[in-house]
Amino acid sequence: MTEVVSPRLSTEGAGAILLDAADTVFSDDIQSRIWAVAAWMLKVGGVAETVPGMNNLMIVFDPLAVAPDAIEHQLLQAWQTVVPNAIAGRDVDIPVVYGGATGEDLAVLAEHAGLSVDEVVRRHSEAVYSVAAVGAMPGFVYLSGLDPALAMPRRAVPRMKVEIGSVIIGGAQAGIMPCTAPSGWHVIGKTKVPLFDPLRDPPSACKPGDRIRFRVIEVQV
Amino acid sequence: MIEILSTGAVNSVQDLGRTGYLDAGVGRSGTMDAPALEIANLMVGNEARAAGIEVALFPFRLRFEVDTVFALAGADCPAKLDGRQVPGWWAMNAKAGEVLTLGLPRSGARAVIAFQGGIDVPLVLGSRATDLKSVFGGFEGRGLNRGDRLALAGTSRRVLRMEGGYGADVSELRGRPVENDEAIILRVLPSAEYTAFTGEAISTFHQTDWLITNDANRMGYRLSGPELSLTRKLELFSHGIMPGTVQVPPNGQPIIQLAEANTCGGYPKIANVIEADLWKLAQAPAGARLRFEITDRDTAVAALRQERAFMADLAASVSLMRGWM
């Protein structure tokens, strides 16, 4: 059994506690534990919501129904004892048109990586990504599993408008825009798969633990 | 039905907010001044989470197309029902055809109006709140426009016995109104990166009267003041944030996350405004000054408990005061 490192706890008001287990690089093992502890904590009386982040977890609760230090105690106990079991995530296929007008940064990213456009597309589409967390904006997936060679710092100046369905890279993370919004990430392609629908329950197409594959429809110059 | 006659696009249908979908990236939304909407709902005989209208742009006018009861709460603004004055924290009968007008607040920034039965818009993910940023919920997922007609829920219409309506005394919960030029005191708890700021930054954070810039909306307020520095550069992974979380981006100028905050963020967090003080931000307009006073978790919980006790007392007394005919 691997040693379980003690996470850092902090508050976000009286009714939210943030558990941070992040080291300097993202860990899939820690993330599995995050998901398992999130599911476990949801069964604790007074807990309203759990918000998995990237190697961290926020617990939102009613501090009039349960004492905050009782939540902290249970959270630390769960962190030490809960056994992360592989989430039976689903496989989600995302067909992508790479490059062209709706993937305008593909060439720039290839140049930054020192790779050909075709090689960037190959590496991006052959990886299997894991949905680490869903958040920031409705339906936005934080994906782990990007080939490190494709990492590229975000744009110095964010675009005010990045279209829904844009397949994007920001730093070492891959993502997909669930709605049209400002973003500083690089746009390398476009998909028509809808990721968020408020009239559906659950509203988000992907859940933590799902595996995502990008499938090449076409590479445009 | 009620018809909107004059409005600004940020005035919207709101309830107490959406819970249960933070892990799908869906924020709370809901009114910025939750206690005000709860009080107004109590006064007209609604359950606390009925939908009303949050007004942040004035003047605002609406016409009643049915006889009903409404209550006005939140900002202190000059209000009239046809020719009659409507005081703040006041419930009143309205007759079909009468026009309610709210003028620019004398103090505060947001008025909330509750209507008997509540605004009848569909529940989206369990709430009637408008998420303006994400364009769903409320009335067609957007702010109100002139000419919009909103239905009121419930069919049985009751009338207040008191001709001039009746008021609630909220001074115990909200204190005295803040004078112009006086800083609004917000109680905060330290957040994860509090001690990652320099000692000088921490004292500056607490001693400065921070200016609310014009970049202030339902998502959050950007503040202006001296630059706050970290002891070293931090690269944080994305993590959950809450309404009230005070972040400090690289320019050293704090941002307070509010009702329509993103569910996750990545900037260092210096503090969190306690839940019981969030309504003070709803009532703080651009140009107002804020001061952050450190408190502890017991105090933050006690303040919430006091708010619940106030609501319970109010519910008991208004049921006597209201005296339906």
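# Interfaces and local geometry of a predicted two-chain model

Modeller: In this predicted model, domain 1 of chain B and domain 2 of chain B bury about 1,600 Å² between them, with 55% of that area on carbon and sulfur atoms.

Biologist: Which residues of chain B make up these two domains?

Modeller: Domain 1 of chain B takes in residues 2–174 + 308–322, and domain 2 consists of residues 184–294. Taken over C-alpha atoms, the centres of domain 1 and domain 2 of chain B are 28 Å apart. Their contact draws on 24 residues of domain 1 of chain B and 19 residues of domain 2 of chain B.

Biologist: What makes the pair B:Arg218 and B:Glu54 a salt bridge?

Modeller: The rule asks for a side-chain nitrogen of Lys or Arg within 4 Å of a carboxyl oxygen of Asp or Glu. For B:Arg218 and B:Glu54 the N to O distance is 3.1 Å. The pair therefore meets the rule, since 3.1 Å is within 4 Å. Between domain 1 and domain 2 of chain B the count is one salt bridge.

Biologist: How many residue pairs are in polar contact across that domain interface, and which elements of domain 1 of chain B supply at least two residues to the touching side?

Modeller: The rule finds 13 residue pairs in polar contact, both residues being at pLDDT 80 or more. Strand E5 (68–76), strand E10 (107–115) and helix H2 (171–174) of chain B each supply at least two residues to the side of domain 1 that touches domain 2. E10(B) gives the most to that side, with three residues. By class, the touching side of domain 1 of chain B holds eight nonpolar, nine polar and seven charged residues.

Biologist: I turn to the two chains. How much area do chain A and chain B bury between them?

Modeller: Chain A and chain B bury about 3,100 Å² between them, 62% of it on carbon and sulfur atoms. A:Glu12, A:Glu49 and A:Leu64 supply 20% of the area that chain A buries against chain B, more than any other three residues. The contact involves 43 residues from chain A and 37 residues from chain B.

Biologist: Why are A:Glu72 and B:Arg297 said to form a salt bridge?

Modeller: The side chains of A:Glu72 and B:Arg297 meet at 2.8 Å, N to O. The limit is 4 Å, so this pair qualifies. The count between chain A and chain B is two salt bridges, and 15 residue pairs are in polar contact there, both residues at pLDDT 80 or more.

Biologist: Which elements of chain A give two or more residues to the side that touches chain B?

Modeller: They are strand E1 (8–11), strand E2 (16–20), strand E3 (47–52), strand E4 (56–61) and helix H2 (68–81) of chain A. The largest share, four residues, comes from E3(A). The residues on the side of chain A that touches chain B divide into 24 nonpolar, twelve polar and seven charged.

Biologist: What does the salt bridge between A:Asp93 and A:Arg215 tie together?

Modeller: The closest N and O atoms of A:Asp93 and A:Arg215 are 2.9 Å apart. A:Asp93 lies in strand E5 (residues 91–99) of chain A and A:Arg215 in strand E13 (residues 211–220) of chain A, so the pair ties together parts that are 122 residues apart in sequence. Over all chains, the count comes to 32 salt bridges.

Biologist: Which residues of chain A and of chain B carry the annotation "domain: Carboxyltransferase"?

Modeller: In the unreviewed UniProt entry, the annotation covers residues 7–206 of chain A. That span is 23% helix and 30% strand, with its end C-alpha atoms 27 Å apart. For chain B, the annotation, likewise from an unreviewed UniProt entry, covers residues 23–310. The chain B span is 15% helix and 30% strand, and its end C-alpha atoms lie 32 Å apart.

Definitions and conventions: Residues numbered from 1 in each chain as written. Chains lettered and ligands numbered in written order. Predicted model: local features only at pLDDT ≥ 70, side-chain atom pairs only at ≥ 80, totals over all residues. Heavy atoms only, no water. Domains from an automatic or database assignment. Contact = heavy atoms within 4.5 Å. Buried area = accessible area lost by both parts, 1.4 Å probe. Polar contact = N/O pair within 3.5 Å; in protein donor to acceptor, adjacent residues only side chain to side chain. Nonpolar A, V, L, I, M, F, W, Y, C, P; charged D, E, K, R; others polar. UniProt positions renumbered as here; feature names shortened; annotations may be inferred.
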